[in-house]
Structures are given as C-alpha cells and as structure tokens.
Amino acid sequence: MASPLAKKAKTNHLASPDALRFLTSSQAQDVKAKFGTPTYVYSEAALRENATQATSFPNAFGLTARFAMKAAPNLAILRLFDSLGMHIDASSGFEVRRAREAGIAPQKISLSSQELPDNFAQILDSGAMINACSLSQLRRIGEARPGCSVGLRFNPGLGSGGTGKTNVGGPSSSFGIWHEIADEVEAVAAKHMLKVVKIHTHIGSGSDPEVWQRVTHMSLALVRKFPDVTILNLGGGYKVARMKTEKGTDLAICGAPVRETFVKFAHETGRKLHLEIEPGTFMVANTGSLVCTVQDMISTTKGCDEGLDFLKLDAGMTECIRPSLYGAQHPIVVVPKDASRVNQPPQEYVVVGHCCESGDLLTPAPGDPETIAPRNFCPTEIGDICVIESTGAYCSSMSTHNYNSFPQAPEVMLAMDKSLVVIREKQPVGQIWQNERQVAPETRIVHFSKYHGLGNDFVLIDNRSQTEPLVTPEQAVKLCDRNFGIGADGVIFALLGEEGCDWTMRIYNSDSSEPEMCGNGIRCMAQFVSALEGRQGEERTFSIHTLAGRIVPTVFANGAIRVNMGKPELNGPKVPTTLPVDKDGHVINTPLSVGGQDWQVTCISMGNPHAVVFVDHLEKGWDFDVVGPLFECHMVFPKKTNTEFVQVMSRTHLKMKVWERGSGPTLACGTGACALLVAAVLSGRAERKCTVTLPGGDLLVEWTEEGTVFMTGPAQHVFSGETHVA
Ligand SMILES: Cc1ncc(COP(=O)(O)O)c(C=O)c1O
C-alpha cells in the first residue's frame, strides 16, 4: 500500500457534472443487468467513424493507416479495423501473434518493439515488416537475415506528449535510434546489405500538432540519408478531447501541411514518399466506456474542515490506470437509480477504485496523480451506476490486471443494431492462479483422518482451503496403498458447500478413478464434518453436494448415521447399461452370461451404477474373484459397474458380497446395499425395510413408499495424522 495522497486540489475545476458519451442511461443499466459491473463497452459506430477518418488522412502519394493495437487489442476490434482497410502497428512479438490470431495478413503488420522478439527472423520471413528500434536490433536483424528490407525507428531529437510520461522523443527518451548516430546506422546496414525502406518516428502520445509537423521536416532529413527509403511513418499520438475542456486534433487540418511537405520533397528529390500513420488513442479512446457501480461511500467530513466525501467504485486501477499513472482525466458520470437526482444540485465527491492502494484514484488533479481533485456529481448513493468515459484506449489493455485478485472485466460491443455483443468474457477467477505451482511439492504435508464404515475405509481431508482436491488422483493412489501408504479404499475431500449445500464431497478411489458417490464414504464424511464443526455427539443433519447430487445425512447422538440416499434410478440407459429394457425401461432379472455362467442381473443407479445378482449361496457354486472383475468391465456397462452378489436369508435379512468398481472386493458398499434392497423388493424377494449384512457388518436399509432410500449404519474414526505427498 502506498502512502496517503497529497492534499486536495484547491479548486474544483469541473463545476457541472459530465454527460454520458455514447451510452444512454438505460443502455448503461442494461449493461449492468446483463453482464454485471465493471464492464467495458465499445461503440461499433464510433470505431467505424474513426477508421474512416484515419484512412482519409491527407496524403500526397499514398497512405497506410496502421492501428497501434496496444491501445485496444481485442480480436473483435482488430478484425473490425482490418475489414475497414487499416493495417497494424504491433509493439511486441506477442502482439504480432495476437494480430495473426485475429486473421490479419502478415504483410499488413509492422513491428516496432522495445524488445526484439526471439522469433524476429520468422516474423520477417512471414512478410511482416520490422522497424529496428536500436543499433543492436539492426545488427541482429542483419546477422540473421542479411539483405532483407527493414525500417528504422529514429528518435528525431524532439518529442511531445500529453504528459512527461507519454513524450517519447528527445534526449530523455529511450525510444528509437538517436538521430545523431545515423552514420553508424548506415554502416551497420551496409555491412549486412540491409535495404532501409522506411523511416519511422513517433514522438509521443497526445503530442502538439505543431511539434509533430516540425518533426516531419526532421524525419525528411533522415530520409535523404537513406536512398532506398520509400515510406515515411510519422507514428501516432494525435490528441483527443476526453474532457469537455480539452481540444482534440483534427486529422484533416493537422495532416494538410504534412501533405504539402511531401509534395515539396518530391519536387526537390524526385522521391514520392508513401505516408504511414499509427494512431492508437485517436482510434479508440472515445469509443469506450467503463460501466461500474458505486459499491461504497466514505466520508471524512465530520469534525474535519478538510474532510472529503468518497465514492468507491467496483473498478479502479485494475480497469483504468491512466489517472493513477499520469493524472489523466476521464469524464465520470453517475447514473442514479432514481433519475430525478440528476436534476438536484450537484455535490462534490472524490472517486476512488476498489484496490487496497491509496494511489487507486480516479479523480486526480490534471497531470498530478498525487493530488486529489474532487468533482461535482449529482447526489449519489451506494448502488448507483457510474460510467467512466473515454476508456477505449490504454485502459483494458494497460491496467493492473488482477491486482487484489480482481478478475479482468468483460468487454462488450454496442453493435450497429444497438445490440450488446460480448467480445471478451469476464475472466474466470481460477484463471488468475491456474499457472501457479507449489514451491516444493515433495515437502507438502497433508493432514488427514482415517474413518471406516463397516470396514470400507477412507482417508478424509479437510479441503476447505481450496476448490479442487488437495491431492491429485495419482497421489490418492499412493495414500491408499496398504503397504506403502496410509491404506484405504479411497480418499474423501471435504470441500466448502456448493449449490446451497453445507458441504461438498469429492472422492478419489484407490485406483485413481472418481466415483459420483459412496454410501459408506458419505457416512464417514458426515462424522468427519461433525468433528470439523466441533459438534461430535450432537444430532445434526447436513446437506452434502456430491457428483450424484445433494445427499442429506443425519448424525445421531449414538454415532449412527442415517442417510437419505435419494431415489434409485431404474432406467437402464441412465444407469448406464446397454442391456435390453422391459416395457418400463428397467433392467430387472435380465439374463447375462459372465465367465461362462448364466446370471440374472438387476441394474440400478444410486448415483453410481450397480448390477445386483441373487445367488443361492454366497460361498458356493461360483468364484467371486473371477466373476467380480468380469462384471465390472463387461461391455454392457459403459461406465463399468459395481456388482452385488446377494443371498436372501429372510424377507427382512439380506446378505451380500460386493465387487466395487475401481476398488475390487470391499468390506462394505453403502450404495450397493441400497441398490440390492431395491432389487430384492422389485423382484418380490424382500420387505421394504431390511437388515443388509455386508462382509464388514450390518446396515439398515429402507425404501419408502414415496420412493426414497434411507440407509442407517455406523462410521468410525480410526486415527488422524499427517503425511507427505509428492
Ligand atoms: C510506435 C508507436 N506508434 C503509435 C503509437 C500510438 O500512439 P497513440 O496511441 O498516442 O496514438 C505508439 C504509442 O505508444 C507508439 O509507440
């Protein structure tokens, strides 16, 4: 955080509030309703109008108008200007790449870069032009591609910009080759047989038209030195009037004397030079508006004569850094929720951004980012829309993206038919840190608790700190290893709740697969989150989001857990299975040959797929270890299957063995116990409420008349610890 800003400017230099530039109040409200705030909006009509003006720039012997794409490099804007006959000025190898991505032909791209990209030779080979911006750039180009055509960006010795920071000519500027060393440049070009076809000078942004015209003469002196030059590029920098007090450049007026100069030069030398211009600001500055919301207000006026009233926006230096950087002035317009406030006497406010940074100021004094300059606005309230105007150039492209981890705002085009078209989506917040990595993954410690539900055991991890599981599926396999790891059937992650649930559960099986749900796992999860919430021993109901939907377990004071497992899915293709279905779409007691034996299977999904098979005896007449894996991977189960082999002991007691998808034989499978009860009821073998004996113990399962399955059983804490994951 920077130090506090300097005192307030003495005068409020803008007495009457600004007006919206191209949006109407209702369009601004529409933008907020459709895309949220902050959102950049560009006017297609204004972009087209500016392209017409740039391509009509006065010229004697031909003109190429290049858009300085750094000002607003969105692909939709590049494509629009390309379709309107403009070429491109790129400032880095990456901008060349971006312009190519927009479908712009390399022959239309010219690169003038502070850093020659590593692939500059390929850029030249593609047909794009490079303006060498230093002697060393020229040498490198000559060495890599002797004999090629190049441009030379010169610093003509004179500059002019709207602010000191945007003046890029003269002795205190590092931009371009210093004009006094033209002889050395000539020697390097000769050594590598380079053909110098273009002289380029760009002296600043917001430059004085008179200085710019003087520089034209200085540039022509450089042209005389290089006989192969056919193009003179005079850069960009044309002033635009953002504020009503400012005066913009009229291209037709400022270009006319330059045209005359070219004609005179041709008379003197016989050389008819082609003119290039490179406007950035001019093309886009006033074609963009940033629609924001006043998200807070602060006042320091009580008991303080020097106090101020602040409007805090939901945008700031993260979307528009020019005021903080240059003391640049942008019109700012409050669109009140209640339109009648527009007509009330204005009040003085300072407008600040949302960053934890005192320099995040949107109303500095002109040219002085350190001094606060309040402005007049209609009486404003939290929730009002606030539009920062003239934000088309060097705002979206140049701001402090992701400072304070605010995601990049979306960009929208107000199209010719007045529709609002997204040209850049809002940045998904996870993209901000998606490329970040652990310093040393091998030393990472994970805290865990081990639980089991009837011997179906799990490693449980408190995963509230992140939205993705703290270990990878591969690391989960290692944790589950019974010889070299903790030993478990799976790893369960307790994440913050999604979709209105208290918690979210994810599971990685011991083979790295991710099941949708696990009945024993969810009981362990319920005990674990009771412990995390410090509510062990209390009766408590949780809603838990799983990949199979919302599951609602109740933990009783005695430690038993009753889980609402939802309704069984009986539709065959949805289970999924490709076995033939009956008239209701179900697969019940359907013949299937597996391992050379004929079976009758009932297919049910309890959020995960199950095949239920009734056998005369669990231990006799068939080989579990052979048949289990054959069922799991049988072609009629496109997502594989869990298989329950069931012996009916009585109409209220069923006994089972389970082969779990991804884990093999386990001591218990909660969803399997539910599935088999449903299968037993459907085939008339059992009552709706039964004890199901699993290898690890008993579960009480009930399928209510309303169709919901409830499972009650234990889950026990075994031990807790910490382990290293690599
Ligand atoms: C080489 C070059 N050309 C053109 C421009 C565009 O300037 P402006 O946006 O002020 O028109 C710049 C801006 O920095 C530049 O460096």
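The following dialogue explains how to read several features of this predicted model.

Q: How are residues numbered, and which confidence limits apply to the model?
A: Numbering starts from 1 along each chain, in the order in which its sequence is written. Because the model is predicted, local features need pLDDT of at least 70 and side-chain atom pairs count only at pLDDT 80 or more, while totals for chains, interfaces and linings use all residues.

Q: Which domains does the assignment give?
A: Domain bounds come from an automatic or database domain assignment. Here the assignment gives domain 1 (6-24 + 289-430), domain 2 (105-279), domain 3 (441-564) and domain 4 (572-707). Between the C-alpha centres of domain 2 and domain 3 the separation is 64 Å.

Q: How many residues surround the ligand?
A: A residue is near a molecule if its C-beta atom, placed from the backbone, lies within 6 Å of it. The ligand is surrounded by 15 residues, of which the closest are Ala68, Ser205, Gly236, Gly280 and Thr281.

Q: With which strands does β22 pair?
A: Strands are DSSP runs of E with at least two residues, and helices are runs of H or I with at least four, numbered from the N terminus. Two strands pair if DSSP finds at least two bridges between them. Strand β22 (residues 444-453) pairs with β39 (residues 716-725) in the antiparallel sense over 9 bridges, and Val446 stands opposite Thr723 in β39. Strand β22 also runs antiparallel to β23 (residues 456-462), joined by 5 bridges, with Ser449 opposite Leu460. The hairpin of β22 and β23 has 2 residues between the strands, and Leu454 in the turn has a positive phi of about 55 degrees.

Q: Why does Phe81 count as buried?
A: A residue is buried if 20 or more other C-beta atoms lie within 10 Å of its own, exposed if 12 or fewer, and partly exposed in between, with C-beta atoms placed from the backbone. Phe81 counts as buried because it has 27 C-beta neighbours inside 10 Å. Phe81 belongs to helix α3 (residues 75-83). The C-alpha atoms of Phe81 and Met283 are 9.4 Å apart, although 202 residues separate them along the chain.

Q: What is the span of helix α15, and how many of its residues are buried?
A: The expected span of a helix is 1.5 Å times one less than its number of residues. Helix α15 (residues 670-682) has 13 residues and reaches 19 Å from its first C-alpha to its last, close to the expected 18 Å. Of these 13 residues, 11 are buried, so α15 is largely enclosed by the rest of the structure. Gly684, which follows α15, has a positive phi near 75 degrees.
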